[in-house]
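Have a look at the fold first, then read on.

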Amino acid sequence: MSTVQLPFEWAVGGKLPGSGDDYRILACSQGLLSRDDFEEIRTVYTIGTPETLPQVMIAWVGSGDDAHLVLAIQTWSDEEDRRHRKIARTRYFCVPYARIAQSPRPVSYEDLYHALKGCPLPMDGQLVVHVPMLDSGAVAAKVNGMAMNTAALLMTGQHVCVLGGEAVPMVERLRFLDTVAALLPYGMRARLAVSTWASSTAEHKIRLAFTQHVPARTYPITWGQPAEIPAHEEDAYRYLALLGRHDPDAKLVDWLAARTEPLTFGRNGKSRALDLLRGFNPSSVPALMPPPTSARPPAQESLEGLLTECADVLERGGTAEIRDVLGRLDAIVTSRGQLISDDERARYQKIIRDRRLLLPKDGLPEELETLLHEVVRMAGHGVAATPAQPGQTTREVVQPARVSATAIVRHPPPDPVASMKAAYQRGREELEATLRPLQTRELVAMAARRPPDMRVVQIVRDELVRRGGGRDEDPEIAEALREYGYLTDVIGALHPAGDRAQFDVLRDLLRAAYGPELHPKEFEEVFLSSGGRSGVLAAAAVTLFGVGAGEAVKKSVINLVRGSGLDHEIVERVERLLLESESGVSHLTSAEPSGRRWFGGRHRNRRDRPLIPPLTMYFLTIIFVIIALVEFFLLLALKP
């Protein structure tokens, strides 16, 4: 296989088993990037904790000669924290951008992922991986109107999110992100961050991501539909017209891949990208390099043979061999996907059952065991496995065994809400056992379902109150509630306007997320999230903040205005209006002649002014007291 050899620095993020700590960097390589550098990467590019793992994020860090591409793979571990919740583990891989740019051909996001996903971390020594070179023909075959419009939309400089992709397999989402990036000059990847999933409320710098809700200042597109480009985004329309003129093919993809000079998404970078695309001339492009070929073409290998080989290697205990076998097995399963017939799957399931491929494997690194379960399940049951199949797979392995956390999360029970309500009917112990393995975000998502269910909301509220009591107890509560709008719509639908129950439920949720009182930053977080849609949520936040809430509201609004992108002069005027009461002036009590009002001014009616200013009156009073005392002592001195 035609590959490029790349050196990677690495880090592992997660929690210590059995602890109540926040997520952090647990281990990292000893290279140019320090633990603090990786901690900053983790913070800047946090995607939240999705329901389904694995997820992949590709980003960048540094500039110039220090520029690096970052690939992060988030998976479930088999460990739990203090509250018996599964711990997500993220592996970070960083490679110098210059090493990719200087190679004969660059690499794709998808190939990077497949080359790195089986690498167990932490590890000793330097991590060097052979990554397949870009196959421009294979990438060009995936280009469609949605990818072209999305690439053009990135020329606006704004972030873009993809909605409606929850049911799309992760690898297919990654492939779409790869296709969009391939329609840009390769150098823009030095400033491009993409993710197969990101929370709509997480603060991050990810420019293109799949998500469930539209974040602020983000252009949305819907999966399966061409992206709509706003009429005023002229650069995006120009770029789309240039792509359409050349009808993107392997030559264009190959030519853009050779443009490895780092480019930004600012004005200069976008202008340079447009100029580069205008200069593309198919007739002047040299013959393409032949696509990478494998020494063992997948077509010559059968899934049955690879599953048997996999079982043989596992019995011998060869870790290096199993990584190679799983890589070949994964390549075939990914390429064939749904083309595997039912008869073939029946044969594969027999091998999986007879050779006990889903049983725990002692001594196998966690990442390889997760990959083993994922690939074997895909071979035996397909990417879109039915909800009943996880239980079926467990029975097929002859004896009781734990199925990997990844497999469980990828294929959840048929209806967790129904299971939760049934457990509620059977008693408290049964309910607690049902709720214990559920993540906080899963609980909030259940409560947010439509149509609203009073019983579900009640169960979720009680469980969040039990788990919470502040960020130190469960920081995921605040994040999940923000993502689902603090459930204001659902709670409002269940309780009529003016019902005190609305206020009580929202107050309980806020106390579970933030504790008995809101700090200024937390108050601002809640107040701005309400967006003026829920007066009840604002009221609950004010009562938890207490005295000084008025000033906190003004500060929150000022911060909102400052981040709006408005002209500096307008922002200053708004600030003066909001802070005017601090100088003793109130628009609510002051009147101006002829209805005139100055925007942010200090104009007042002369009749409203006191005859003697307060400060002058203060000094006059002191003088009068001094004179009176002097006269008194003079009288005493002159008295015979």
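R467 is buried, with a relative accessibility of 3%; buried here means under 20% relative accessible area, exposed means over 50%, and partly exposed is in between, using a 1.4 Å probe and protein chains only. This is a predicted model, where local features need pLDDT of at least 70 and side-chain atom pairs count only at pLDDT 80 or more, while totals for chains, interfaces and linings use all residues. Residues are numbered from 1 along each chain as its sequence is written, and side-chain values use heavy atoms, leaving out hydrogens and water.

- R467 has a salt-bridge partner in E463, at 2.8 Å from N to O; a salt bridge is a side-chain nitrogen of Lys or Arg within 4 Å of a carboxyl oxygen of Asp or Glu.
- E463 is buried too, at 5% relative accessible area.
- α19 has 14 residues and spans 20 Å from first C-alpha to last, close to the 20 Å expected at 1.5 Å a residue (the expected span is 1.5 Å times one less than the number of residues).
- Along α19, the buried residues are V456, V457, I459, V460, E463, L464 and R467.
- Those buried residues line one face of α19, because they fall within an arc of 165° when seen down the axis (the arc is that of the directions from the helix axis to the C-beta atoms).
- They pack against α16, α17, α18, α20, α21 and α22, with contact meaning heavy atoms within 4.5 Å.
- D453 caps the N-terminal end of α19, with a side-chain oxygen 2.9 Å from the backbone nitrogen of R455.
- After α19 comes G469, with a positive phi near 120°.

**Other salt bridges**

- How many salt bridges turn up in a search of the whole structure? The search finds 20.
- R355 pairs with E315, the closest N and O atoms being 3.1 Å apart.
- R355 is in the loop between α12 and α13 and E315 is in helix α10, so this bridge ties together parts 40 residues apart in sequence.
- R355 is partly exposed at 26%, while E315 counts as exposed at 61%.
- E261 bridges to R272, with 3.7 Å between the closest N and O atoms.
- That pair links the loop between α8 and α9, where E261 sits, to R272 in helix α9, 11 residues apart.
- E261 is partly exposed at 45% relative accessibility, and R272 is partly exposed at 36%.
- K15, D81 and R85 are joined in a salt-bridge network.

- Most residues other than glycine have a negative phi, and most peptide bonds are trans.
- The L53 to P54 peptide bond is cis, with omega near 10°, and P54 is in the loop between α1 and β3.
- L121 and P122 are also joined by a cis peptide bond, omega about 0°; P122 belongs to the loop between α3 and β6.
- R356, not a glycine, has a positive phi of about 55°; R356 is in the loop between α12 and α13 and is partly exposed at 35%.
- L487, not a glycine either, has a positive phi of about 60°; L487 lies in the loop between α20 and α21 and is buried at 4%.

Terms used:
Helices (H or I, at least four residues) and strands (E, at least two) are DSSP runs, numbered from the N terminus. A polar contact is a pair of N or O atoms within 3.5 Å; within protein, one must be able to donate a hydrogen and the other to accept it, and residues adjacent in sequence count only if both atoms are side-chain atoms.
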